[in-house]
Amino acid sequence: MAKTAVRLDSGEKGFFGSFGEAFVKGDIFTKLSFVIWGLGYIGHGQLMKALLVTFVQGLGLYFLATSGIQSLMKFGTLGTVKMESTFDFATMKNVVNNYDNSFSILLLSVVSIIVIVAMVAAGMMVVASNYDLQKIRAQGKKTNTFLQDVNVYLNEKFYVTLLTLPVLGVVIFTIVPLFILIAVAFTNYDQQHMPPSDLFTWVGFANFLTLFGGGGLTATFGYSFRKVLTWTLVWAFFATFTTFFGGVLLAMFINDKKTKLPKLWRTLFMVSIAVPQFVTLLLVRNFFSDTGIFNTMMANCGVTGLLRNMGLIHTTYIPFLTDPGWAKFTIIMINIWIGVPYQMLIATGVLMNIPADMLEAAKIDGANPVQMFFRITLPYLLNVQGPALVTDFVKNINNFNVIYLLTQDVFATHDQALAASNAKEVDLLVTWLFRLTQEYYNYKMAAVIGIMVFIVCAVFTVVSFRFINKREATFS
Amino acid sequence: MTATNATVEKQLQQGRTKKLVGSLFRHLFLAVLAVIWLVPIAWLVLTSFSTDKGINFKNFVPEGFTLWNYTNILFSSDTVTQFPRWFMNTFVVACFNCVISTCFVLMVAYAFSCCRFKSRSLLQNLSVTVNLFPGVLAMIAVYFVLKNLNLTNSHAGLIMVYAGSSGLGYLICKGFFDTVPVALREAAKLDGASEARIFFQIVIPMSRPILVYTIINSFMMPWTDFVMAKMILNSGLSENWTVSIGLYNMLGKALINNYFSRFCAGGVLVSIPISILFVIMQKFYVEGITAGAAKG
C-alpha cells in the first residue's frame, strides 16, 4: 500500500510539473490551448486533432451550460421550490410550476463535478502536449501527421485505446451511482421526501446515528443492525467454509483410485449446476414449505413426531423456512447443496496440479492419508485458493439470491423490534437494504447500510490479504 | 508347510473381503450423496410432466403424466406465461451482453497484464476497491440514473447494466494472460508487430480456454440473473420480461396453485441451453479457471 502511494505521489507531481513548465514556457498557442483546446493544435499545424478536441470540449461546455451549472448552484440546498400544480382556467389544464427535483439536482451535480474535474485535467494534458509540439517545431522537426497520431494509439499508447470504453462504463455504471448513494446517506431521502412531488435535503450524520441506536425510542435500527450484521457474518463464514471443504472432500473422494467410474459420479453431482440457481431455489423453497412434500415425507416416516417429542418443534410440521432457527439451518444446508458441485469442479482441477511425486514421497516416508491431507493437500489448496476464499467470503456477505429467493414471501418475522425497521431474522444486510428501497422507499437508511456493507467487506479483505501475504512470506 | 499356506490363503481372503466391503461402503456413500443431489432435480423433471397444475403435497411422483405443461407454455401464451417471448428477450440480451462484456474483459485484462503505464497500479487498486461495494447497492442508484435517462423497462437499459461495468471482472482473465510468455510478445515486437497486432494475433489465440470461459460466463449471466432484471424490467409489460422474472412471477401467491407444474416445465426448458453450453465448454471452463487461479 505504501509503495503505491509513493508512486502515485510522484506520478501526480510529474503531471502537475509538466503542466506548469508547459504553461510557463509555452508560446501563445500553448497558453491559449488551456482555454480553447483546439487553438494550440491549429497553431502547431494539426488541424484534424484541433477539430476533434474542440468538439469534445464543446460537448462538455454545452452540458455544463445547459444543466450542469444550474444544478451545482442548488447543490447546497438540493432545491427549494416544491412542486405545486394549479388549475389554469384559460387552458382548462393543470399547470405545474417550475419546481426543483432534488434527485436530478444531486445526480447532475455529481456528473458536473466529474465533468469539470475531467475537463480541467484534459486541458492540462492538452497544454502539455502542445508544449511538446512547440519544442519539436522549435528544433525544426516535423510534427506527427494525424495518421501517425492514430498509429501511436495502436502501439505505445494501446492501453489508452483498450481502457477508454471499459473505464467509461465503470464510471457511468458504478462510480457515479456510488457517489450518489454515498451522498444519499447524508440526506433525508425517504417515503416522506420523494421527488418529484417533494424535496429532500442534507441532514448530516443523522442517519448514521439512527443506525447505531439513536433516533428516539421508536427507531429500532440499532437493534436490527446488530442482529442482521451478526447473522450476515455467521452466514458468510459457514457458507464459505462448508462449501469449500465439502467440495474438496468430495473431489478427493471421487478422485481416489479406489472409486470406480469417477467421471460418472462427477457428472451426477454436476447435473444440479445445469439448472439455473433461481429455478432450483424457488423449487426447493416449495419442497421445504410447511405443507410441502418434504414435510409430508417426514411426517410419514415419523421424524416430525420424534422431533416434537424431543421438544425441538412445537408444530405439526417442521418449520424449515418459517422459524428463525430452523430457517438459518435450512438455508445453510441448501447452500451446501448449491455450492458444493461448483467447489468440487474447481477443487478437482487444482488437486490435479499437486505434484504426484510429493504425495508418493510422503507415502514412502510412512505418512497416513490424514497426515497427507493436512500437511500437503490442504496447505497447497489454501495457497492456491486463499485469495478465492476471501472473494467467496465477500460474495457470500452479498449473497442476495439465496436468501431472497428462499425467504421472500415465505418467512415472516415475529420480532416486533425487527419488524419496526423492516428487517427479518434471516436477512443479510443486502437483502435488508434491497427491501428497504423496493418496498418501503427508505433510501437514506439503505444507503447507510450499503456504506456499512462496504466497510465490513473492505476491512475483511484488507486484513485477510495481509494475513495471506505474511503467511506466504514465512512459507517461502 | 500346508498349514502356513492355508493361513496365508485365509489372510488373503480376509483382506479381499475387507477391500470389497470397503469399496461397497465407499460407493454406497457416494450413491446416497448423489441421490440427495438429484432428488430436487428429479422432482423438477417429474412435476414438469404432471397432470396436476399445482403443487403435489402428498406424493413425490405425480399421479398422471402429460406433455401439456410444455405444449402450453411453448405454444399458447396467456397473460401470465409468455415463455417464448421471454426466451427470445433473454437470448437477445444475452447475445449483446456476451459481445460487449467479453470485449471489455479482454481489453482490460490485456491492458493490465501486458501494457506498462504510469497509472496502472492506481487503476488496479481502484478497481479492487470498487468491487467491494455490493452490486445490489450500486443497482439502486443505477436504477435512478436509468430512470432519468428513460431507460428503465427497456432491454437496452438492462444490457447497459449488465455490460457497463463488466470491465471490473478482469482478474481471472488477467491471471491467464500473465502466463503467456513475455518472450513471445518481445519477439513479435522485434519483428515489427504493433501492440494491437500482438493482442489480436498472439495473445487472444493463445488464450482459448479463458476466452471460452469469459464468453460462456457473460452469455449465461442474463439467464441466471434475477435481481437486476427484476429491478429494471419488473414494472414494465410482462411481454418484455426475461425468463427469470417471468418464472418468478408464476410462483406468486395467487398463481402458484395453477402454474407450478408449468413453472417446472419452464425451468427444464431454460436448463437445456445452459446445460448444453456447460457440457461443451466444461473442459475450457476448468482449464481457464485453474490456470488463472493457479498462476494468477
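How many residues of chain A are in contact with how many residues of chain B? In this predicted model, 88 residues of chain A are in contact with 88 residues of chain B, contact meaning heavy atoms within 4.5 Å. Residues are numbered from 1 along each chain as its sequence is written, and chains are lettered from A in the order in which they are written. Local features need pLDDT of at least 70, side-chain atom pairs count only at pLDDT 80 or more, and totals for chains, interfaces and linings use all residues, while side-chain values use heavy atoms, with hydrogens and water left out.

**Figure 1. The interface of chain A and chain B**. About 7,900 Å² is buried between chain A and chain B, and carbon and sulfur atoms account for 81% of that area; buried area is the accessible area (1.4 Å probe) that two parts lose on being put together, summed over both. On the side of chain A, A:Phe173, A:Phe278 and A:Leu283 lose the most area to chain B and together make up 9% of what that side buries.

**Figure 2. Polar and charged pairs between chain A and chain B**. The interface holds one salt bridge, defined as a side-chain nitrogen of Lys or Arg within 4 Å of a carboxyl oxygen of Asp or Glu. A:Asp256 and B:Arg26 form a salt bridge through their side chains, at 3.7 Å from N to O. Helix H7 (residues 158-184) of chain A gives the most to the side of chain A that touches chain B, with 17 residues; helices are DSSP runs (H or I, at least four residues), numbered from the N terminus. By class, that side of chain A has 60 nonpolar, 23 polar and five charged residues, where Ala, Val, Leu, Ile, Met, Phe, Trp, Tyr, Cys and Pro count as nonpolar, Asp, Glu, Lys and Arg as charged, and the others, Gly among them, as polar.

**Figure 3. Domain 1 and domain 2 of chain A**. The domain assignment, automatic or from a database, places domain 1 of chain A at 2-204 and domain 2 at 221-475. Their centres, taken over C-alpha atoms, are separated by 44 Å. Domain 1 of chain A brings 10 residues to the contact and domain 2 of chain A brings eight residues. The two domains bury about 750 Å² between them, with 72% on carbon and sulfur atoms. One salt bridge crosses this interface. A:Asp190 and A:Lys444 are joined by a side-chain salt bridge, at 3.0 Å from N to O.

**Figure 4. Domain 1 and domain 2 of chain B**. Domain 1 of chain B covers 2-68 and domain 2 covers 78-295 in the domain assignment. A distance of 37 Å separates the two centres, taken over C-alpha atoms. The area buried between these domains is about 910 Å², of which carbon and sulfur atoms give 71%. B:Leu44, B:Lys53 and B:Ile55 supply 50% of the area that domain 1 of chain B buries against domain 2 of chain B, more than any other three residues. Helix H1 (residues 2-48) of chain B gives the most to the side of domain 1 that touches domain 2, with five residues.

Technical notes:
Helix = DSSP H or I, 4+ residues; strand = E, 2+ residues; numbered from the N terminus. Polar contact = N/O pair within 3.5 Å; in protein donor to acceptor, adjacent residues only side chain to side chain.
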